[in-house]
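Subject: Model handover

Hello,

Here is the structure we talked about. Please open it alongside these notes.

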Amino acid sequence: MTFVKGLKCRECNQDYPKQPIHVCETCFGPLEVVYDYDRIKSSISREKIASRPNNLWRYRELLPIDGEPKVGLYSGYTPLIRAYRLGEALGVKQLYIKDDSVNHPTFSYKDRVVSVAISCAIEFGFDTVSCASTGNLANAVAAHAAKAGLNCYVFIPDGLEQAKIIGSTIYGPRTISIKGNYDDVNRLCSEIGDKYDWAFVNVNLRPYYSEGAKTHAFEIVEQLGWKIPRHIVVATAGGTILPKLAKAFNELKRVGLVEDGECKIYSAQASGCDPVIQALKKGTDLISPVKPNTIASSIAIGNPADGYYVVKTIQETGGWGESATDEEILDGIKLLASTEGIFTEPAGGTEVAVTKKLVQQGRIPRDEPTVICITGNGYKTIEAVAGIVEKPFCINADLKNFDDLYNQLNQPSREKAVAGKR
Amino acid sequence: MAAKKEKVRERVYLTFPGKLVKEPILCLMAKKFDILFNIRGSTVTKEIGLAALEVDSEREEIDRAIRWLKETGVLVEPIGKNVIE
């Protein structure tokens, strides 16, 4: 049973039936899924959701599938962690981490959007799924395609690090490395998407793919006891997730799952690739492209496809945004790891560093519920932090050696001694 | 007899930096290359120009036109912009 009415152009409002297309035939504006909210309202309830398995399909009425979900049955419903120690460090009383670094099966928020895209791909009758990616997206597409038994083609720019390639190739897709710069890769992938009858998850299935991002927000609200947080900080790359958080909060109100609540949404970008933050600070909603130069490769998109909608959403919700230098990003990764035991990739370090700035600026008040969305896992980007962690001490297998070292290190420190208070 | 070259249609998204906003770039492109194009959407401010184009021609001619646009300083992307994530 579907609750989808169809697709609507976000620019000229033209309606389309549900089909695998992503831009308006008239104005080339992006398309968005539209639902029958009145029917959803009479069908959905908190109790019904609570009775379902702990995965992202708990909110299936608000997702664009017609039948039963096909993949992602273990994806989503990641922990929402009360971050006492990080909160203390940042000076925020009620701080939470929504931790998609442990999302199943490929440890990033992309498992959400890909679960929805591939379930839709199967409903549309595609036998091949594809994407162009440098990391998390390719990992997720390859893994979910394997689970679904679909053919899979992954396109990567030539010269990508081995570790990032293996995180996808292990699942058995055909992986095509394309020579040329990112512009060339973009153009070729777009042409392949047009020519071959494949589900290119973030191209022709983009309207469905991006709907999966809403589940991140649905879960936060449910995990907070059906309350919308006051502030939420999320990294911006292509710009998929931020506008969808706002859409999710609005939908929850519209279908009666929450009564009220307004959330200010903040964007976090790396200083070496911050087109959205530059636009925000200039007071314009038009994004001037930049050439990325940052260690935060998973969010290094110089001309975000949905950048305009990111800025618009931030302005509508009363949020803001900030950027963080590579040094601040690495400090953010270390701070999150050392206070909350969560190892995130540079995108997550960016969010922590930006939250710190926004609190210091007084943009985020210290006494209101605030959520940081951690969208990726640090074990995939070990090289980024290799230079900033303490090197192991090497001693002989002799207790005296250790005694000497221990005294030298003067452990336990005061900080460790008070650990365990919470 | 030479084989007839394949005609293709391509949708591109163009971003003009501020310094090119007052230049007649698309008009020059129309004069320089044997292409047909239709502007489906556009926005112009002092600082930036955006245009969504549907271009029809032979593949090589579209390639040449796109190369010229890039050399002129225009950012040329597929209509969905960044495909790589």
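The centres of domain 1 and domain 2 of chain A lie 25 Å apart, taken over C-alpha atoms. Domain 1 covers 80–107 + 213–385, and domain 2 covers 110–207. The domain bounds come from an automatic or database domain assignment. Where they touch, domain 1 of chain A gives twelve residues and domain 2 of chain A gives eleven residues. Contact here puts two C-beta atoms, placed from the backbone, within 7 Å. The domain 1 side of that contact has two nonpolar, nine polar and one charged residues. For these classes, Ala, Val, Leu, Ile, Met, Phe, Trp, Tyr, Cys and Pro are nonpolar, Asp, Glu, Lys and Arg are charged, and the others, Gly among them, are polar.

A note on conventions. This is a predicted model, in which local features need pLDDT of at least 70 and side-chain atom pairs count only at pLDDT 80 or more, while totals for chains, interfaces and linings use all residues. Residues are numbered from 1 along each chain as its sequence is written, and chains are lettered from A and ligands numbered from 1 in the order in which they are written.

The core comes next. The largest nonpolar core holds 133 residues. Such a core is a set of buried Ala, Val, Leu, Ile, Met, Phe, Trp, Tyr and Cys residues joined through C-beta atoms within 7 Å. Buried means 20 or more other C-beta atoms within 10 Å of the residue's own; exposed means 12 or fewer, and partly exposed lies in between, with C-beta atoms placed from the backbone. A:Ala117, A:Val129, A:Val141, A:Val201 and A:Leu245 have the most contacts inside the core. Domain 1 and domain 2 of chain A each supply at least three of its residues. Take A:Val129. Beyond its neighbours within four places in sequence, its contacts include A:Ile118, A:Val141, A:Leu150, A:Trp198 and A:Val201.

Now look at helix H10 of chain A, residues 241–254. Its 14 residues reach 20 Å from first C-alpha to last, close to the 20 Å expected. The expected span is 1.5 Å times one less than the number of residues. Helices (H or I, at least four residues) and strands (E, at least two) are DSSP runs, numbered from the N terminus. Eleven of the 14 residues in H10(A) are buried, among them A:Leu245, A:Phe249 and A:Leu252. The cover includes H8 (206–211), H9 (214–223), E10 (231–235), E11 (264–270) and H12 (307–317) of chain A. Just after H10(A), A:Gly256 has a positive phi of about 80 degrees.

Chain B has two helices and four strands, in the order β-α-β-β-α-β. Of its 85 residues, 32% are buried. E1(B) and E3(B) pair antiparallel over eleven bridges, with B:Arg11 opposite B:Glu54. E2(B) and E3(B) also pair antiparallel, over eight bridges. Pairing requires at least two DSSP bridges between the strands. B:Ser42 has B:Ala51 as its bridge partner in E3(B).

Finally, the interface. 20 residues of chain B contact 28 residues of chain A. E1 (7–17), E2 (36–44), E3 (48–58) and E4 (75–78) of chain B each supply at least two residues of the chain B side. That side divides into eight nonpolar, six polar and six charged residues.

Best wishes
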